[in-house]
Amino acid sequence: MKKFKFPMRYVPISATILVFFVVYLIGIISFDNFGSPKVFLDLFVDNAYLGIAAIGTALVILTGGIDLSVGSIIAFTSILIAKMIESGCNALWAIALALAIGILFGMLQGWLIHCFSLPPFLVTLAGMFFVRGCGFIVSEESIPIKNDRVFDFIQNDLSITLSKGLHLRFIVMLYIAVLIIAIIFSQRTRAGRSIYAIGDNELAATLMGIPVGRTKIMTYTIAGFCSALAGVVYAIYLKAGNPLNCVGLEMDAIAAVVIGGTLLTGGVGYVFGSLFGVLVLGLIQTLIIFDGRINSWWTRIIVGLLVLAFIFMQNLITKISKSKSKSH
Amino acid sequence: MNKTSNRFRHLVWPLVSLALLLLFNAFFTDNFFKIEIKKQDSAQTVQAPAVPDNPPAPGTSWITPENYENSSDSAEAAAKTVDQAGQAAQAAAEPQQAPEKNDGKGVSIFGYYLYGTPIDILNQGAKVMVLAIGMTLVIATGGIDISVGAVMAIAGAIAALLISMLDAGSFPGASMGPAIYWIIPVVAALVLATLAGFWNGMLVAGFGIQPMVATLVLMVAGRGVAQLITDGQIITFDNPGLVFLCNGHALFLPFSVWIVVTMYVVAGLLTRKTALGLFIESVGNNERASRYAGIEARRIKWLTYVICGFCAGVAGLLAASNIKCADSNNAGLYLELDAILATVIGGTSMAGGRFFLSGSLVGAILIQTLTTTMYMKNVSPAIVAVPKAMVVIIVCLLQSPVFRAKVLSIFASKAAKGGVQ
């Protein structure tokens, strides 16, 4: 009947993409060189770790939960890797161990949340404190990663030179790869669809025979893995580990997911949206750096306003679709 | 009997945890429970013979016993000095000592105050206790406010900005003198924080946005606003009135404790002696049903966010007063989480519908006691988070009905097996 009509569920993600291009256009018009490919690529380089963390956050939010331990796990992973390399361990082992810890920790959080029906907010909050403290136990000070073969190899040999002075760095490729896997996982696999079903209505999902517990624990495990991977990327990006870094990064990740068009109540949204959410956050920062006159604190305020705008839009859409389903 | 035990059942686990913690301290921390009564004029009397010979000396020695507490506690409201003066043994020494008193101590109305670790816990925990009062009411309606830390930063920033402008004489009211005009920033901070609460309430109750999401906005933007207010600077101040809030003493105890007590009593009376508490619980239980029953559900929700904003304002003032400056980046950082933890530890359900103000206070004290214990055991402040997180999970598990049922069923099955054999 209404074949030509634009589906309602694509509105938020289209709005995100629109916001991205509008902000990008503003940048190009206002500043020379803003449109240069280097600026665009740097957007990915600077935000690859945030993007990977946001993928995990997006999946968790889709189940109707929340993960606040992201920033702490990133800091912990980076300092753990730096410390292990400093004490003479092979970087690959360090990375593997860090990822394993991330996975186990995510699993533990999911287990606590599901098996004892504790609020996700509280469990991941405690997780945040716990991992942050663990980071300080590893080392209270920043440790640089110097002269490591693996890191040098990643830095120098694992980047594709697109043209002169323009490199597609490994962390960017890794981010894109993880993103594509996550998109396929969430849209094309049974487990991915289960995530949506649980986020929309957990009781209905249980009654339908969807393995709710397994899916939820798996989602938090993936989130833990994504956070740990983000930590690895962060260590590669900074070539250092610092237990103090990434305080409050979980809020940036959540903001990126919300700006990316995902409903915080769960069940609605796309992992793909988190890409544009992250890019919009990055663009705003780049714009303010380019301008140089504006107080950098405006970043926080603008991000806050953007989150607000998207929340309003989501609310409106939910109301419209509800009234539609009633009228049918 | 049964009724009272039910009424206080929510307090059992937090109190048991607190008792265990205190017991640990009683055995393993030296002087943990040592509470001294400091008497200001006693020091003065002891030193008194020296007064005639060497006027500056009593001043310095007079301050010394206090140095390890907070030597830079600057000045005190003039009225309080008069009280101290009244108690002073040597009237002759008075004129010389008056300025010294103003400078050195801070302090109590009647010349006595308690001093010791437990008192310190109360003083340091005051911020979280105040926050927890507001947070409890919000959580009782089934909501949550994760912006209180940012609101604290805003309140501290505006107070510090105004006091620095008043000190510089560039704000109307400067002519009243520092002893009085500190009220202006306090009022301004409270008004602004209440407005922030009003904004949250508008988003949640007015527009029907999910509470966690609605308050996320202010949480993200709030610190930016605070930074704009202070222009990214850390503004320091030493106005006696403002510093007194968290560093002064009155009636034996730190003044901040009295602020907590006042707010607790007012909140308790409001919720338990009027219908408001019932309304809040009813809205938290079932909003739609309450609306059908004739309760203005939206207005009740709105009100709880306004109260929470006000509490955040008070906590922001305490935080700024404690360190005598407004640090927009770190003021109240993670305190929203502490406040939520305190509330949940106190037995208030995150799902709403039930609340226990007393439990929240015990929860806040438990968190602070744990922190202080760690500090006294020379644990690095950064690592304190680890045991804190463990305690949180343990207390949450103990309060989780599912966990209790599972543990009970394990015991039950073991008992059954034992019976069979």
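The largest nonpolar core holds 216 residues. Such a core is a set of buried Ala, Val, Leu, Ile, Met, Phe, Trp, Tyr and Cys residues joined through C-beta atoms within 7 Å; a residue is buried if 20 or more other C-beta atoms, placed from the backbone, lie within 10 Å of its own. Inside this core, V307(A), V130(B), I154(B) and A159(B) have the most contacts. Helix α17 of chain B, residues 297–323, supplies the largest share, 17 residues. Helices here are DSSP runs of H or I with at least four residues, strands are runs of E with at least two, and both are numbered from the N terminus.

A word on the model: this is a predicted one, in which local features need pLDDT of at least 70 and side-chain atom pairs count only at pLDDT 80 or more, while totals for chains, interfaces and linings use all residues. Residues are numbered from 1 along each chain as its sequence is written, and chains are lettered from A and ligands numbered from 1 in the order in which they are written.

Let us follow V307(A). Leaving aside neighbours within four places in sequence, V307(A) is in contact with A255(A), V258(A) and I259(A), and also with L216(B), V217(B) and V220(B). Contact means that the C-beta atoms, placed from the backbone, lie within 7 Å.

That brings us to where the chains meet: 35 residues of chain B are in contact with 34 residues of chain A. On the chain B side, the elements giving two or more residues are α12 (211–230), α18 (335–345), α20 (385–399) and α21 (401–420). Of these, α12(B) gives the most, with twelve residues.

Now for chain A as a whole, which has 13 helices and four strands. Its radius of gyration, taken over C-alpha atoms, is 20 Å, close to the 20 Å that the globule rule gives for 328 residues, so chain A is as compact as a globular protein of that length; the rule is 2.2 Å times the number of residues to the power 0.38. Of those 328 residues, 48% count as buried.

I160(A) has L168(A) as its bridge partner in β3(A). Two residues lie between the strands of this hairpin, in which G165(A) takes a positive phi near 75 degrees.

Note on methods:
Contact = placed C-beta atoms within 7 Å. Pairing = 2+ DSSP bridges. Buried ≥ 20, exposed ≤ 12 C-beta atoms within 10 Å, placed from the backbone.
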